[in-house]
Amino acid sequence: MTIKKLGLLKVTKIEKISDETPPDCRVPVKSYTLTIPEIAKIAEPGQFAMMWLLGVDEKPMGIARAIQKTGEIMFAVAKIGPATTAFHKLKKGDKIGIKGPYGKGFTIKGNKIGVIGGGTGIAPTKFLIERLVVMGLNITLFHGARSKDELAFRSYFEELMKEQKNFQYKPSTDDGTYGFKGFATECLEDAITSEAKYDQMYTCGPELMMFAVWKLATKQSIPVEACLADRYFKCAIGLCGQCTVDPVGLRLCIDGPVFDQDQLKEISDFGKFGRDKFGRKESL
Ligand SMILES: Cc1cc2nc3c(=O)[nH]c(=O)nc-3n(C[C@H](O)[C@H](O)[C@H](O)COP(=O)(O)OP(=O)(O)OC[C@H]3O[C@@H](n4cnc5c(N)ncnc54)[C@H](O)[C@@H]3O)c2cc1C
Ligand code: FES
């Protein structure tokens with residue numbers, strides 16, 4: 001197996017930690033900034049890395065930023081269980097291992113682009129937006145969350161919208177505490193029917209959200225790519241079979257996690273079945 005497939009392992013100090021949601025909200029999110037030029041140089045939006053805390057665990061995390069010039073990379077971690085709780089206890093200057101980058105990222109194409117992100121999927125979505133914005137493309141981000149406090153990176157996207165004329169931010173919340181009241185996919189549907197003709201869409205977030213985006217894109221004949229990161233991964237290098245989807249046997253960690261609309265059509269598990277941490281199939 002080549003180094004490219006195994007990923008680079010770098011142990012480095014955390015340079016900056018920021019709260020990207022209020023720390024006392026239901027699912028707090030923190031961002032971690034590090035300098036790893038070897039990974040920043042080759043990382044693409046949609047790819048992920050394994051975040052390793054010695055003596056605790058290693059977990060897949062989408063890359064939330066990679067700057068080739070400076071070597072800066074960023075991850076954003078939602079506190080949901082034992083490993084992510086341990087990550088949230090880390091302090092600036094603590095050491096952490098990063099292995100990657102892994103998987104296949106988004107293919108950048110189109111001029112008028114709709115991006116739909118939600119949950120922890122906002123991390124790879126943020127990296128994608130940063131790459132698209134500097135290319136001068138016309139981008140709208142539909143960002144969904146249960147409530148205002150869970151819209152991670154909201155202030156960042158609002159500032160970006162003020163600075164960049166080619167970027168529009170459309171937040172939505174299930175409970176109506178901020179932006180559009182309802183799902184991000186409903187906000188997207190409104191935009192498509194009333195004003196916007198996107199020539200490319202990208203999505204990353206809860207799988208049922210991505211499934212709704214894919215159905216809408218298919219109905220409107222708009223090309224779409226989805227990052228299937230809402231699943232358990234273990235080895236990240238195609239060996240353990242934990243991330244396999246039926247019926248074609250694709251391994252999300254190496255064949256994806258990003259797939260286009262034709263590949264998504266082939267995956268009968270998409271939007272229907274996942275696997276628990278023991279690899280058993282279960283309904284979504
Ligand atoms: C490719 C990829 C990229 C990811 N990117 C990010 C990211 O940028 N930021 C981030 O915070 N998280 C991300 N995740 C999810 C992250 O890996 C899990 O949240 C983490 O493994 C949880 O570990 P834990 O020990 O804290 O909780 P666990 O005890 O493992 O899980 C707690 C709860 O979350 C559910 N869960 C755990 N992992 C997943 C998962 N992968 N998908 C859906 N439900 C899960 C479990 O069913 C359980 O209910 C990503 C996952 C993948 C596969
Ligand atoms: S996580 Fe092991 S094969 Fe994909």
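Which handedness does the β-α-β unit of E9, helix H4 and E10 have?

**Entry: ground rules**

I am working from a predicted model, where local features need pLDDT of at least 70, side-chain atom pairs count only at pLDDT 80 or more, and totals for chains, interfaces and linings use all residues. Residues are numbered from 1 along each chain as its sequence is written, and chains are lettered from A and ligands numbered from 1 in the order in which they are written.

**Entry: around E10**

I looked up the unit first. E9, helix H4 (residues 122-134) and E10 make a right-handed β-α-β unit. From E10 the chain then crosses through helix H5 (residues 154-163) to E11, again as a right-handed β-α-β crossover. For my own use: right-handed is when, with the strands pointing away from the viewer, the path from the first strand over the helix to the second runs clockwise. The element labels are DSSP runs numbered from the N terminus, with helices (H or I) of at least four residues and strands (E) of at least two.

Next I checked the pairing, which requires at least two DSSP bridges between two strands. Strand E9 (residues 112-118) pairs with E10 in the parallel sense over 7 bridges, and Gly117 stands opposite His143 in E10. E10 is also joined by 7 bridges to strand E11 (residues 167-173), and these two run parallel. There, Gly144 has Ser172 in E11 as its bridge partner.

Why do I call strand E10 (residues 138-145) largely enclosed by the rest of the structure? Because 7 of its 8 residues are buried. A residue is buried if 20 or more other C-beta atoms lie within 10 Å of its own, exposed if 12 or fewer, and partly exposed in between, with C-beta atoms placed from the backbone.

**Entry: the whole sheet**

I traced 7 strands in an open sheet, in the order E12-E11-E10-E9-E13-E14-E17, with mixed pairing. Strand E12 (180-181) and strand E17 (258-260) are the edges, each pairing on one side only. At the E17 end, strand E14 (residues 224-227) pairs with E17 in the antiparallel sense over 3 bridges, and Glu225 stands opposite Asp260.

**Entry: two domains**

The protein chain is divided into domain 1 (3-102) and domain 2 (112-283), bounds that come from an automatic or database domain assignment. Their centres, taken over C-alpha atoms, are separated by 20 Å. I found 23 residues of domain 1 in contact with 20 residues of domain 2, where contact means C-beta atoms, placed from the backbone, within 7 Å. E7 supplies the largest share of the domain 1 side, 3 residues.

**Entry: ligand 1**

How many residues surround ligand 1? I get 21, the closest being Gly81, Ala83, Thr84, Ala123 and Ala229; the cut-off is a C-beta atom, placed from the backbone, within 6 Å. Strand E5 (57-62), strand E7 (72-78) and helix H3 (82-88) are the elements giving two or more residues to this shell. E5 gives the most, with 4 residues. Domain 1 and domain 2 each provide at least three residues of the shell.

By class, the shell has 14 nonpolar, 4 polar and 3 charged residues. Ala, Val, Leu, Ile, Met, Phe, Trp, Tyr, Cys and Pro count as nonpolar, Asp, Glu, Lys and Arg as charged, and the others, Gly among them, as polar.

**Entry: Ile67**

Last, I looked at Ile67, in the loop between E6 and E7. Ile67 is partly exposed, with 15 other C-beta atoms within 10 Å. Leaving out residues up to four places away in sequence, Ile67 touches Ala40 and Glu72.

Terms used. Contact = placed C-beta atoms within 7 Å.
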